[in-house]
Amino acid sequence: MSAETAGGRRPRKGNEDEAAGPAIDPSLSSTLIRGIEVLRCFGPADQALGNAEISRRLGLNRPTVSRLCKTLMHLGYLRRDARETYRLAPELLSLAYPVLSAMPWRHEVLHSMRALAELCNGNCSLGVMSGDSFVHIQTAGSPPGWPHVPDIGQTGSLYRSALGWCLLSLLEEEERRAKFGELVRLHPEEFAAYGTKSREAVERCHRDGFCVSYGDWRPDLVAAAAPLGRTADGLYVALACAVPLYRADSAYFETDLGPRLASAAQSIRYSGTFALPRGDRGKKDSAD
């Protein structure tokens, strides 16, 4: 297994007295952090985990993991299956509902997303920035034989995806420098490989209103994305379309789909829900 777990989370290293790394703020609750880390161990490829595996990933002893899991089961966030391994429980979805209900504009852009998905005969997804990742919050289109359908709640890398690059482009310059510094600290090796490409994609977003990724996040996909903007409550939002690599035509992405995405993003911004960074206002939206 790589440095990151199959569920997309980086396992914590250290002994049981370390809650989330050597530099944790002593004013934080280490027990709460441990409990959340247990939940973050699970992912699409890690749907069932036992005490021993959770203990190994988090660097905690088995009795500690057992108490944490028992507490999470009591709260309804974990359950046991027939093999006596742990699985995430549906109660977790109740935590996500208030987050999604605070984004009513997801439904307002769905018509445009469906049109874009039909246009490229692929799918169209809406994503927001969350820490060092993006999170899908809406998806339209699901063609037969599709290799990957981004579902709500699915996460991906900010620095190796078209959607992530567009989100980075929405940060003010000082914020972006800080975010790049955070990515360097969290993912030094990967960011060393993708840092230059990330900066170039951000510049392209500022210049052209879109960027394209050729298999950077998922090797079997090509994706074009456009930044939508920042909401009044501080969320950074971007729009992406993807098709399987085997039928992706770079000329189509560069001269047709990409500009269409940028144009769609511009039209959506007329609703007033999304605003571009101060330095970009008027740059892309006055291109016509």
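The model is predicted, with local features requiring pLDDT of at least 70 and side-chain atom pairs pLDDT 80 or more, while totals for chains, interfaces and linings use all residues. Residues are numbered from 1 along each chain as its sequence is written, and side-chain values use heavy atoms, without hydrogens and water.

**View 1. Buried face of helix α2 (residues 51–58).** Helices are DSSP runs of H or I with at least four residues, strands runs of E with at least two, numbered from the N terminus. Ile54, Ser55, Arg57 and Leu58 are buried (under 20% relative accessible area, 1.4 Å probe, protein chains only). These buried residues line one face of the helix, because they fall within an arc of 165° seen down the axis of α2 (directions from the helix axis to the C-beta atoms). Their cover includes α1 (30–40), α3 (62–74) and β2 (86–88).

**View 2. Contact of α1 with α3.** The two axes, lines fitted to C-alpha atoms over the stretch in contact, come within 10 Å and cross at roughly 80°. Thr31, Arg34, Gly35, Val38 and Leu39 of α1 meet Thr64, Leu68, Cys69 and Leu72 of α3 (heavy atoms within 4.5 Å).

**View 3. The largest nonpolar core.** This core (buried Ala, Val, Leu, Ile, Met, Phe, Trp, Tyr and Cys joined through side-chain atoms within 4.5 Å) has 32 residues. Trp105, Met113, Leu126, Leu228 and Leu239 have the most contacts inside it. Helix α10 gives the most residues to this core, 7.

Methods:
Buried < 20%, exposed > 50% of the residue type's maximum accessible area, 1.4 Å probe, protein only. Axes fitted to C-alpha atoms, helices over the stretch in contact; angles between N-to-C directions.
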